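Please view the structure before reading on.

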Amino acid sequence: MSLLQSLYLPLRLSWRQLRAERARLLAAMAGVMFACVLVFMQIGFRAALFDSATALLSAMRAELFLMNPLTTASFRPEPLPRIRAQQALALAEVRQSVPVYMAQVTWRNPESGTRRAIQLVAFDIESDAMGFNGLAALADRLKQPDAVAFDRRSRPEFGDVGRLLAGQPGTPLPVQIGGRQMNVMGLVDIGPSFGADGNLVLSETNFRRLLPNRSVANVDLVALRLQPGADPVATQARLKALLPEDVVVLTQPELVAWERRYWEEATPIGFIFTFGSLMGLIVGMVIVYQILFSDIAGHLREYATLKAIGYSNGYLARVVLSAALLLAVLGFVPGAVVSAVLYDVVGSATFLPLGMSWSRAGLVFGLIFGMCAAAGLLAMRKLRDAQPADMF
Amino acid sequence: MADPVVLEEVSYAFGEGELRRAVLRDVALRVMPGEIVLLTGPSGSGKTTLLTLIGALRAMQAGRARVLETELAGAGEGQRRALRRRIGFIFQNHNLLGFLNARQNVAMALELQAGLTERERLSRADAMLASVGLEDHRHKPPSQLSGGQRQRVAIARALVGDPGLILADEPTAALDKASGQEVAALLRRMARQRQVPILMVTHDPRILDMADRIVTMEDGRVVPALPAG
Ligand SMILES: Nc1ncnc2c1ncn2[C@@H]1O[C@H](COP(=O)(O)OP(=O)(O)OP(=O)(O)O)[C@@H](O)[C@H]1O
Ligand SMILES: [Mg+2]
């Protein structure tokens with residue numbers, strides 16, 4: 001028997017066997033599909049969490065950052081002395097030093113009047129240190145007193161600010177922020193994260209008006225923009241030597257990784273999603289195992305007959321494994337389609353960046369494939385009960 | 001040509017130690033080329049056990065056995081499996097695969113042979129089904145065939161690979177009188193055409209007349225031979 005035949009013929013046999021019992025096949029497919037959707041959702045949420053948690057930092061247009069080493073996550077910054085921003089300018093490579101202020105305040109929904117915490121991101125708007133979509137067009141108007149820009153991707157609980165603004169073109173929308181009357185001048189794009197349901201962008205001056213009790217000597221983050229051609233890593237080393245221990249100097253990828261590590265390690269969130277994926281795979285494996293096992297148990301005489309007429313254990317093992325892999329494919333395809341639809345539905349309901357990608361589909365297929373193969377290997381042990389000597 | 005089945009001093013016991021029970025004692029048996037031998041005897045006399053040893057479905061314990069030129073004493077699973085492929089088995093229950101139709105069942109016996117295309121397998125299966133009178137039932141699963149028809153499919157499956165020996169254990173026991181005789185006659189005719197020897201266990205007195213020779217067993221021993229008829 002050629003290699004191709006020795007793989008194809010058992011595959012065909014197991015397909016004929018699966019096909020003969022529609023109800024059992026559908027049950028097995030549903031089991032695999034269930035596992036598939038569960039894993040897709042868990043992995044999707046996990047990735048969306050980490051992506052959204054770092055969206056704000058990723059949008060900053062700076063090569064190096066100064067941060068208090070005690071800061072664990074950007075939504076809860078520890079302050080650092082403002083003087084460090086000036087000290088950094090001592091290096092010729094540093095072109096611009098932009099203090100960034102971050103805090104959470106309450107926002108009153110302009111439609112319903114309910115209150116909710118919103119993230120403030122404040123800096124010198126003219127510095128051009130933030131790459132948020134829509135910000136450039138608003139830069140001038142944000143210099144007016146009490147002006148803010150609202151993140152259009154904030155959760156809907158903050159009110160439909162986009163529609164209200166569109167209803168009164170050219171006129172700012174008055175809102176209550178932290179007990180003060182402020183004006184929404186327009187919209188920018190940032191996106192909510194697990195730490196912040198919504199964002200407001202404003203100038204340093206307006207931030208001080210809103211939170212007059214904050215010490216003027218402190219900032220939350222310093223974004224350093226380097227001269228064209230300056231090497232960020234070499235500059236980072238020089239800054240570390242120059243500045244005291246009360247600040248860390250991070251490149252942008254390091255800053256993003258710092259934030260990400262908080263969510264991965266210091267919160268149970270990363271673990272929860274990994275655990276959820278694992279549970280899905282285990283449940284799926286048990287279902288597939290049950291189906292394959294009862295398939296073998298119900299066809300023991302037939303397997304024993306095949307052994308009696310000269311089929312090898314290896315051939316029958318390939319029949320069982322083929323069945324497992326057919327179930328993997330048959331369950332994965334509808335599972336991936338359902339997951340893509342769910343990504344859309346859940347993504348638009350939660351404003352999380354959920355989306356299907358080829359690499360993720362490949363990863364999940366690999367997991368489902370492994371799950372089914374493991375179930376097949378476990379079920380295969382039942383083949384030993386097929387004794388050709390008992391056939392007569 | 002050497003005799004297809006030659007047994008000498010074959011003994012077999014089930015169980016270990018205290019529970020050890022001898023089932024076959026010094027059995028000698030010979031089947032000659034093209035010969036049809038029926039094996040009878042009371043229940044529990046060891047007929048089926050003997051058949052499973054000859055069919056290489058069980059490992060030998062004591063004695064010498066040569067089946068289709070293969071020495072069975074000390075043969076490993078691989079050797080026994082290779083021998084099984086050259087034997088046509090017919091069981092009391094047809095043991096067809098329920099999810100395959102008649103021609104697919106017959107073709108299964110050919111899938112182990114190298115060098116055959118799917119087309120060749122199916123046309124040989126069709127020819128074999130036609131010669132057992134089932135050309136119109138090729139596409140039916142076993143569940144849509146009568147008991148006699150199923151057993152005829154089983155005969156086609158046993159014969160399609162051109163075996164050197166047919167082993168059958170009470171192939172007519174599950175059938176009524178008419179279809180039992182029909183199946184026995186068919187098996188005899190097909191074996192004669194192809195010059196295939198048959199060793200068949202049966203209790204069925206209605207089919208004893210098909211034999212060239214009848215061997216009777218009692219309590220694990222072969223009773224000295226009677227002339228056929
Ligand atoms: N797998 C087994 N384990 C233990 N004992 C067995 C086994 N198979 C058969 N025996 C015993 O061996 C003896 C011979 O059995 P065997 O099946 O060969 O008889 P038989 O002549 O075919 O009987 P029958 O006409 O009823 O089919 C019986 O006493 C039986 O109980
Ligand atoms: Mg018996």
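The shell around ligand 1 is made up of three nonpolar, seven polar and three charged residues. The model is a predicted one. Which residues come nearest to ligand 1? Of the 13 residues around it, these are B:S43, B:G44, B:K47, B:T48 and B:T49.

Two elements of chain B, β2 (21–31) and α1 (47–54), each give at least two residues to the shell around ligand 1. The largest share, three residues, is that of α1(B).

A polar atom in the side chain of B:K47 is 2.8 Å from an oxygen atom of the ligand. For B:G46 the atom is a backbone N or O, and its distance to an oxygen atom of ligand 1 is 3.0 Å. On its own, ligand 1 has 630 Å² of accessible area, and the protein covers 63% of this.

We now turn to chain A. The chain is divided into domain 1, which takes in residues 3–53 and 269–391, and domain 2, residues 69–246. The centres of domain 1 and domain 2 of chain A, taken over C-alpha atoms, are 48 Å apart. In the contact between these domains, domain 1 of chain A supplies eight residues and domain 2 of chain A supplies six residues.

UniProt also annotates chain A. An unreviewed entry there lists residues 25–45, 269–294, 315–343 and 363–380 of chain A as "transmembrane region". An unreviewed entry also places the "domain: MacB-like periplasmic core" at residues 27–242 of chain A, and the "domain: ABC3 transporter permease C-terminal" annotation, likewise from an unreviewed entry, covers residues 276–388 of chain A.

The table gives the make-up of some of these annotated spans.

| Span of chain A | Helix | Strand | Distance between end C-alpha atoms |
|---|---|---|---|
| Residues 25–45 | 100% helix | 0% strand | 30 Å |
| Residues 27–242 | 30% helix | 29% strand | 66 Å |
| Residues 276–388 | 82% helix | 0% strand | 43 Å |
| Residues 363–380 | 100% helix | 0% strand | 26 Å |

How much helix and strand does the MacB-like periplasmic core span, residues 27–242 of chain A, hold? Its chain is 30% helix and 29% strand. Residues 276–388 of chain A, by contrast, have 82% helix and 0% strand.

How values were computed:
Residues numbered from 1 in each chain as written. Chains lettered and ligands numbered in written order. Predicted model: local features only at pLDDT ≥ 70, side-chain atom pairs only at ≥ 80, totals over all residues. Heavy atoms only, no water. UniProt positions renumbered as here; feature names shortened; annotations may be inferred. Helix = DSSP H or I, 4+ residues; strand = E, 2+ residues; numbered from the N terminus. Near = heavy atom within 4 Å. Polar contact = N/O pair within 3.5 Å; in protein donor to acceptor, adjacent residues only side chain to side chain. Areas by Shrake-Rupley, 256 points an atom, 1.4 Å probe, with all protein chains shown as cover. Nonpolar A, V, L, I, M, F, W, Y, C, P; charged D, E, K, R; others polar. Domains from an automatic or database assignment. Contact = heavy atoms within 4.5 Å.
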